[in-house]
Each structure stands twice: as structure tokens, then as C-alpha cells.
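Here are a few notes to get you started with this one. Have the model open as you go through them.

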Amino acid sequence: MSEPILELEGLTKIYKGGLRALDDVDLTINKGEIFALLGPNGAGKTTLIGSVCGLVRPTSGTMKAFGHDLSTDWRAARRRIGLVPQEMATDMFEEVIRAVNYSRGLFGLAPDKDRVEEILRSLSLWNKKDEQIRNLSGGMKRRVLIAKALAHEPDLLFLDEPTAGVDVELRKDMWRQIDAMRARGVTVILTTHYIEEAEEMADRVGVIDKGKILMVDEKADMMAKLGRTEALFTLASPIDSLPPSVAAYSVELEQGGTVLCYRGGDGSGKGKQEVAELTKALVAADVNFTGIDVRESSLEDIFVGLIGHRENAA
């Protein structure tokens, strides 16, 4: 059984004016995992992180990290938690290496030149160590934030939209760094609206919207439960109606009767099986087709479906 490293129960934050940024959130994060929290802008991701990191005071609920109650025993847990915020929160005129050393000392750790060098090299910052932060590119500044967060060797690291505004190559490089953190035993909580980021990195995924956790599951299990198969059959000639043997499946005629679209399955392989059966049914009914395009739902499809249903219900 996995060891819980962070436990949130009934976490709620209501701002003045009545905005409910977090709404009775229950969440458990296990040691050594990479957990991706997905949600649109304003969903409550940053408020949740801020609550755990002491930047936001929750209205109600309990928070435990490493077995410590964060409302009464904050100091014992805080030094084991790292945060990479969305925005730069450091002196732009400071040299990179000084900023990282300062972050280490801020948490009471003794100077360690070798460890700081290791962190900077792992983030391709060693040749920039004497540069003022203001002179770095946006992607390099983001790496400095990660270096500062890693300087005090946290066991739990929050990455709040770590690749927002960086190019694709830097994003992939950042993914490699996150994977290296996990290899060192760091538990990572990643908030993002880049779905491919969660698909690439996460062990488990949570979806949050309007302050509520809509779903938390293993990535593969979420795909299996909510995934769908879509198959587009390009017909040799348009048809007006479907034979009963074909209409028995989850199909629709589209594009003026020139395309037959199947949408079904549950992510467990049922959809592919039904597409194979549907293909046989079309052949048996003398419905000729010239091509088939089959695709499985991505995590993005599932995310959009969850958020879309919630918006429609609101």
C-alpha cells in the first residue's frame, strides 16, 4: 500500500465577495508519484497549492503533510515542501548561483557547493551561474525557479504551470527534469492546462473545475473508464439510410451521407471490437467504403468532456 504524503480533507476557500475558489476538496497524494492536477484557468489549482504552501489561508478543512497538521505544525513540514510558482518571485538583479544558495540557506541547510553545482548542471544553468537573472530568457528563468525550489532538497515539490510560456523543446527538457526528480524519490504535484504534459508525465490525474475535484484516478484507469473509440468510414457513394444490421451500432451518417461515423466503446477495447464487427456488417449489407480512420480518445478528449458536461449543467 502506498504511503500518503499529503492528505487534504474538506478543503474550502471562500474569498471576500463570495467566490468559492476551493469547494470541499478531498485529495490524497502518495509518496513518490507524479500527480497532475488539470483544470482551466480559474479552476482553483493555484489556490490549492497556495493553501498547502502557506500562501493562502483556507476557510475550512484540514491539511496534513508527512503526518503533520499544517495548521498547527507547519514548520516541521514546510522545509520538506518545495514550490515552483508561475511567476518569478526573486531579485532580478541577483546572480543565479547566489539566488539558489540563498534559497538553500533560507531553510536552514548548510552551504553545499557540490549539491548546488549538481542542481544547476542538471538544469543546464551552470554556464549561466554568474548571470543576473534579468538577463536570462523566459525558459531559463523558469529553470532558475526550479533550481531554487530544489536547493533545500524537498520531498514534495509543487510545480504550478511549470512550462507555461516556454517553447516545445524547453517543455520536453522540463519533462526530463521532472522524471529525474521522481528517480531521486521526490513526489511531484504538477498543475497544468497542457494536457499532453499530464499524458506524458503523470501516474495519476485529477481534474478540478470551479473549485471542485471532478475526478481522481490512475491515468490508465481514467482512459479505460472514460475513453472512447471513434471510426470514420468513407463511403464509396452517399446513402440516405442505414441497413438495420448497421444501424444497431452507435453510428451516424455525416457529410451528406458520405461518411459513416462510429463513436462508442469504453476505453477497454470494446470499441475496437465493435468497429471490427461493424466492418463485417457493412460488407454483409453491401455498403461499400473506401477508407477507415480509427482513433482512441486522448486524455484531452476526456478532460474536455468532463469540463464541458459541467459547464452545460451549470
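1. Start with the aromatic rings, where a rule is needed: rings of Phe, Tyr and Trp (its six-membered ring) pair if their centres lie within 6.5 Å, and planes over 60 degrees apart count as edge-to-face. Keep in mind that this is a predicted model. By that rule, there is one aromatic pair. Phe 233 and Phe 289 make it: their ring centres are 5.5 Å apart and the planes sit at 80°, so call it edge-to-face.

2. Phe 233 belongs to strand E11 (residues 229–235) and Phe 289 to strand E14 (residues 289–296), so the pair ties together parts that are 56 residues apart in sequence. Are the two partners buried or partly exposed? Phe 233 is buried, at 0% relative accessibility, while Phe 289 comes out as partly exposed at 24%.

3. Lys 13 lies over the face of Tyr 15, 4.8 Å from the ring centre. Arg 80 has its charged end over the ring of Phe 66, at 3.9 Å from the centre.

4. Next, helix H6 (residues 168–183). Its 16 residues should span 22 Å, and the end C-alpha atoms are 23 Å apart, which agrees. Its buried residues are Leu 170, Arg 171, Asp 173, Met 174, Trp 175, Gln 177, Ile 178 and Met 181. Among the elements covering them are strand E3 (34–38), helix H4 (113–122), helix H5 (138–150) and strand E8 (187–192). After H6 comes Gly 185, with a positive phi near 95°.

5. Last stop: helix H10 (residues 270–284), with 15 residues. It reaches 21 Å from first C-alpha to last, close to the 21 Å expected. Which residues of H10 are buried? They are Gly 271, Glu 274, Val 275, Leu 278, Thr 279, Ala 281 and Leu 282. These cover an arc of only 165° around the axis, which puts them on the same side of H10.

6. The buried residues of H10 pack against E11, helix H9 (244–247), strand E12 (251–254), strand E13 (259–264) and E14. Just after H10, Asp 286 has a positive phi of about 60°.

Terms used. Residues are numbered from 1 along each chain as its sequence is written. This is a predicted model: local features need pLDDT of at least 70, side-chain atom pairs count only at pLDDT 80 or more; totals for chains, interfaces and linings use all residues. Side-chain values use heavy atoms; hydrogens and water are left out. Rings of Phe, Tyr and Trp (its six-membered ring) pair if their centres lie within 6.5 Å; planes under 30 degrees apart count as stacked, over 60 as edge-to-face and the rest as tilted. Helices (H or I, at least four residues) and strands (E, at least two) are DSSP runs, numbered from the N terminus. Buried means under 20% relative accessible area, exposed over 50%, partly exposed in between (1.4 Å probe, protein chains only). A charge sits over a ring if NZ of Lys or CZ of Arg is within 6 Å of the ring centre and within 35 degrees of the ring normal. The expected span of a helix is 1.5 Å times one less than its number of residues. Contact means heavy atoms within 4.5 Å. The arc is that of the directions from the helix axis to the C-beta atoms.
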